[in-house]
Amino acid sequence: MRAPHYFPMTTRTRRSKRALQEERLGWLMTIPGAVIVFSLIVFPVIWNVVLSLQQIRLIDLQSLQFFNFDANLDNFSRVVGVSAFWPAIRNTIVYAIGGTVLSIGLGMWAALVVRKPFRGRAAVRGFMLFPYVVPVVAATLVWQLMLNPTFGIINEWLTSDGGEPIRFLSSSSFTVELFGFSFDLPLALTMVILFEGWRYFPFAFLFILARLQAIPGELEEAAMVDGATISQRFRHIIMPELRGVISVLVLLRFIWTFNKFDDIFLLTGGEAGTEVITIQIIDWLNGRGEIGSAAALGLILAAILSVMLFIYIKFFYQEDESA
Amino acid sequence: MTREVFENRLFGLLKWVSIAFFLVITVFPLVYMISLSFKDIPEVVTNPSDVLPTWEQITNSTTYQDVLRSRDDGGFGFVRFLTNSALVSFLAVFITVFFAIFAAYAAARLQFRGKKTIQSGILAIYLFPAVVTAIPLFVLFTRIRIGDAPLRNNLWSLAIVYLAQTIPLALYMLRSHFQSVPYSLEEAGMVDGLSRAQVIWRITFPLSAPAVAAVSLYVFMIAWNEFLFAFLFMVTQQQNWTLALGLQQLNSTEVPATALMAGSVIISLPVIILFFAAERFLTEGLAAGGVKG
């Protein structure tokens, strides 16, 4: 009578004891890192909401009572009330969309180019990563020098026939004449978008290249046998396979470009029509010393981003079925 | 000519044009940076398209010594900034790897309640705007004081705030690595009488050395390149400037472009060397982890 019960029972108790140990070990290993990350993000984000309701100035930071205050929305009306607010919103959206599209477009082009083996491919692939690896401070300094109106190499090439040098990073608008039409180009904003595309195309390049190399060769060979040309194979075989990875890239790049601060700050300082919200936030904090207003603008930034992400995920995002 | 032949020729040609285009936009800025770190600005002004320096210009140049020399000796003090950057970056690497490796192992191998919530929480945090957390962290690190000085004046505080960016990345990359270590190896160890902790310590971690190296390099690069927090925390503390901040501050004063380019070479060289030395497993990790930028 005992024997049939004996084994199942002990294995069960042993297993559950083991599961308990595993559970304890799992928590023990996870908690320290989780506590650090959450206390550096979740706590600040909540506190940011509190700060945005307070009138706090940088100079009286030391004497302040943080949790004893009259909450009001003055900070929000103050940051929305400045004349530079709406242009900054528009710039941020244009910059984020432009930077995202350009970096992914360039990255896809580069990935298609180095997809098939050729002599020197490994070296070319390595060089492609260069803009992404170089520290942003160095990259912006080189761009500033290359675009310098008096001795920059770009103006030297453009004005070799004696034209006026172009102030790329300090002109808010530039009249372009094309096919008899003339229109105003927001030049400095265009330059920071070009910088964004240049700096982050390697990121998209690596993702897309990895996905390209996972496409089974037979698919394309079969299409070739059926007489599909290069452009047809691209449209009907490669593009459908890339849809998932591009959806993810758009999501990541849009979020990161939307929140980007240092690239524009270092390149133009937010001058000449390139002021984005993040630059305004740091200006409220550092320049004007209005901590509460900076926090309020940070919340507005996060809110706009959430709305745009919601729209994107709801209507455009496609999961990678193959992954 | 059929459409197929036409397309083969067209795209065959376009491929090489494209390769040339990408080489120009990626390599030329680097060449320009190195060249202008040796050439004096008057020469560049008179002849901007003559980019490459002569051999004499390279050997006679004292720009790098000037940039590195301390301010007391009339230089730009970059040795100090180099030391600060190295200290902050190594601190960030050690703390990140120490905390992430355990959490990543637990995520890949152990079953426990609440695991999914914690992990997706940590990853979601990775997407969170740094600017929004920057304000409260700035206030917090200003308010907490060590002795007379606020905590943010301490180089350690930089390494700590970088953890918010580096731990999620390290966790994600190491978790995919641990999932690729065959479970049968660990089981064999346990059958031989090792405890779970001993298996982790003696079998799994030694097998993970290459993955840990790749993660360390990424964390190092993030900390080395970081600008926003260095700027917010340290801008009034010149002795604590990192290379990124020192170079940016140099740019806002009347400093010759030659020195700025030499500074750019100094800050870029370590990461470029590290990256190309370890390119293969780094690019794989990059595609897997999605390094924030």
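Me: At what angle do helix H6 (residues 136–146) of chain A and helix H14 (residues 257–277) of chain B pack?

Reply: This is a predicted model, in which local features need pLDDT of at least 70, side-chain atom pairs count only at pLDDT 80 or more, and totals for chains, interfaces and linings use all residues. Residues are numbered from 1 along each chain as its sequence is written, with chains lettered from A and ligands numbered from 1 in the order in which they are written. Helices are DSSP runs of H or I with at least four residues, strands are runs of E with at least two, and both are numbered from the N terminus. With axes (lines fitted to C-alpha atoms, for helices over the stretch in contact, with angles from 0 to 180 degrees between N-to-C directions) 9 Å apart, the two helices pack at about 150°.

Me: Which residues of H14(B) does H6(A) meet?

Reply: Two residues are in contact if their C-beta atoms, placed from the backbone, lie within 7 Å. On the H6(A) side are A:Val137, A:Ala138, A:Leu141, A:Val142 and A:Leu145. They meet B:Ala257, B:Leu260, B:Ser264, B:Ile267 and B:Ser268.

Me: How many residues of the contact of H6(A) with H14(B) are nonpolar?

Reply: Ala, Val, Leu, Ile, Met, Phe, Trp, Tyr, Cys and Pro count as nonpolar, Asp, Glu, Lys and Arg as charged, and the others, Gly among them, as polar. In this contact none is charged and two are polar; the nonpolar ones number eight.

Me: Which helix gives the largest share of the side of chain A that touches chain B?

Reply: The contact between the chains takes 82 residues from chain B and 72 from chain A. On the chain A side, 19 residues come from one helix, the largest share: H1 (residues 2–52).

Me: How many of the nine residues of helix H13 (residues 243–251) of chain B are buried?

Reply: A residue is buried if 20 or more other C-beta atoms, placed from the backbone, lie within 10 Å of its own, exposed if 12 or fewer, and partly exposed in between. Among the buried residues of H13(B) are B:Leu243, B:Gly246 and B:Gln248. Their cover includes H6 of chain A and H14 of chain B. The buried residues in H13(B) number seven.

Me: What is the radius of gyration of chain B?

Reply: This radius is taken over C-alpha atoms, and the globule rule is 2.2 Å times the number of residues to the power 0.38. The C-alpha trace of chain B spans about 80 × 75 × 35 Å along its principal axes. A compact globule of 293 residues would have a radius near 19 Å, but chain B has 24 Å.
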